[in-house]
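Hi,

Here is the structure I said I would pass on. Have a look at it first, and my notes follow below.

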Amino acid sequence: MAKSLLIISRQSPWSGPSAREALDVVLAGGAFDLPVGLLFLDDGVFQLAAKQDARALQQKDLSANLQALPMFGVDDLFVCGDSAAERGLNPKLLSLEAAQVLSAGEITALFNRYDQVITL
């Protein structure tokens, strides 16, 4: 049986390659039918902010990759509600509607559901 994998994306989309790398790992895992989940935590919640203009920073827009996650079998999507609120984002208005909003306590329990946890 394949080991399950939780990827924690903690970086904003414009702070370097970590956000894109986290998405690449998740998409690759999904393509190979690996049980994979994705948690947006800390500044990672900025990846889900609507109407971002990545061209202004000369970077690629991640929104198309985010929307493709369900097509790759990645349905376990989570966002830290506390991280979103601390950054002035309404979790209900984030661009990835399929993401389940979790509290800090629920995130702790989430870690126990996966065999491997990777933070990027």
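In which sense do β1 and β2 pair, and over how many bridges? They pair in the parallel sense, over five bridges; two strands count as paired if DSSP finds at least two bridges between them. Helices (H or I, at least four residues) and strands (E, at least two) are DSSP runs, numbered from the N terminus.

Before going on, a word on the source: this is a predicted model, where local features need pLDDT of at least 70 and side-chain atom pairs count only at pLDDT 80 or more, while totals for chains, interfaces and linings use all residues. Residues are numbered from 1 along each chain as its sequence is written, and side-chain values use heavy atoms, with hydrogens and water left out.

Back to β2 (residues 36-40): five of its five residues are buried, so the strand is largely enclosed by the rest of the structure. Buried means under 20% relative accessible area (1.4 Å probe, protein chains only). Val-36, Leu-38 and Phe-40 point one way from β2, and Gly-37 and Leu-39 the other way. In a regular strand the side chains alternate between the two faces of the sheet.

β2 has partners in two strands: Phe-40 is the bridge partner of Ser-9, and Leu-39 stands opposite Phe-78 in β3. β2 and β3 (residues 76-80) run parallel, joined by four bridges.

Lastly, the loop between β1 (5-9) and α1 (18-31) holds Ser-12, which counts as buried because its relative accessibility is 4%. Beyond its neighbours within four places in sequence, Ser-12 is in contact (heavy atoms within 4.5 Å) with residues including Asp-43 and Phe-46.

Best wishes

Key: Buried means under 20% relative accessible area, exposed over 50%, partly exposed in between (1.4 Å probe, protein chains only).
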